[in-house]
Amino acid sequence: MSLFKKIFSKEKKETLDKGLEKSKSNFFSKMSKAVAGKAKVDEEVLDDLEDVLVSSDVGVATTIKIIKRIEERVARDRYLGTDELNQILREEIAGLLSETNSGEASEIHVPENTKPYVIMVVGVNGVGKTTTIGKLAHQFKGAGKKVVLGAADTFRAAAIDQLQIWADRTGVPIVKQSMGSDPASVAFDSVQEGVKQNADVVLIDTAGRLHNKVNLMKELSKVKRVMQKVIPDAPHEVLLVLDGSTGQNAFEQAKQFTAATEVTSLAVTKLDGTAKGGVVIGISDQFQIPVKYIGVGEGVEDLQVFNKYEFVDSFFK
């Protein structure tokens, strides 16, 4: 299908292929068993396929949608061979992802008419949140953007230190206070510094505590409120970072954070070390929030802009 035209550079596509290798191998070994000895897609094959998708962390609700779409095609076309199943899955999953209005981009960018563009980054500790911010800072700077970092995760000294390392490495200014400081105060200073420096992007790290959703909601609301004293419509984006290797736990984190604050985009990290890459499909579909970035390796360039065509092509290659 022309739907799957190549968009990424050869090098970037190879990184994506390699990063999804474990997920792909896991999926296809299960798929092979599901269709072994079958010539056509029938009820039994669809039942087995349902099990394969659920066990590949696509999620029950999204799996049901995919199976329903394939059932409609079977009914319409009267006969579908199992050898066509891979291509049909590619088409239906790409179609499903298209409904979330995500994954069209191939390069990192921010709206030109919003300056500074403020991104508040949320997520539990350990998902790769601060590393994601550092990699984004590097890539935005590489794209010619002026960046300011805000270390508003004041709950952990390690988070402030880690962000400082990224600031030094990428050569971008950082706004920080001591551990235990008011996160909203750091966010306020960060946005103010972004305006003062005429920055294109302000990236603000936040604390990732989930033990009390009410406190999390209050803290994130306060952080947003004080930013709006400087820029009335800030933050322009709330990016939730999820660890793809946790599979279904990532769904639970998405549920908690979307209840606590208005999440507008997602980054799914650590996909290279897991067979749970199907979680990207399920989370994108279930929460109807665009997946904007995926992490497929340790390198700074291995945080990739999520493109649904390239992702599906690599997953079903």
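**Close-up 1. The surroundings of L203 in this predicted model.** Beyond its neighbours within four places in sequence, L203 is in contact (heavy atoms within 4.5 Å) with I119, I133, L136, A137, F140, V147, V148, L149 and G150. Residues are numbered from 1 along each chain as its sequence is written, and side-chain values use heavy atoms, without hydrogens and water. Local features need pLDDT of at least 70 and side-chain atom pairs pLDDT 80 or more, while totals for chains, interfaces and linings use all residues.

**Close-up 2. The largest nonpolar core.** Such a core joins buried Ala, Val, Leu, Ile, Met, Phe, Trp, Tyr and Cys residues through side-chain atoms within 4.5 Å; buried means under 20% relative accessible area with a 1.4 Å probe, protein chains only. Among its 99 residues, F140, L149, L203 and I294 touch the most other members. Helix α5 (residues 85–98) gives the largest share, seven residues. Helices here are DSSP runs of H or I with at least four residues, numbered from the N terminus.

**Close-up 3. Helix α6 beside helix α7.** The axes of α6 (residues 129–142) and α7 (residues 157–170), lines fitted to C-alpha atoms over the stretch in contact, come within 9 Å and cross at roughly 20°. The two helices are therefore roughly parallel, a label for angles under 35 degrees between N-to-C directions. From α6, residues including I133, A137 and K141 meet α7 residues, among them L163 and W166.

**Close-up 4. Q253 in helix α10.** Is Q253 buried or exposed? With a relative accessible area of 7%, Q253 is buried. Residues up to four places away in sequence aside, Q253 touches V124, V127 and L242.

Conventions:
Buried means under 20% relative accessible area, exposed over 50%, partly exposed in between (1.4 Å probe, protein chains only). Axes are lines fitted to C-alpha atoms, for helices over the stretch in contact, and angles run from 0 to 180 degrees between N-to-C directions. Angles under 35 degrees count as roughly parallel, over 145 as roughly antiparallel, 65 to 115 as roughly perpendicular and the rest as oblique.
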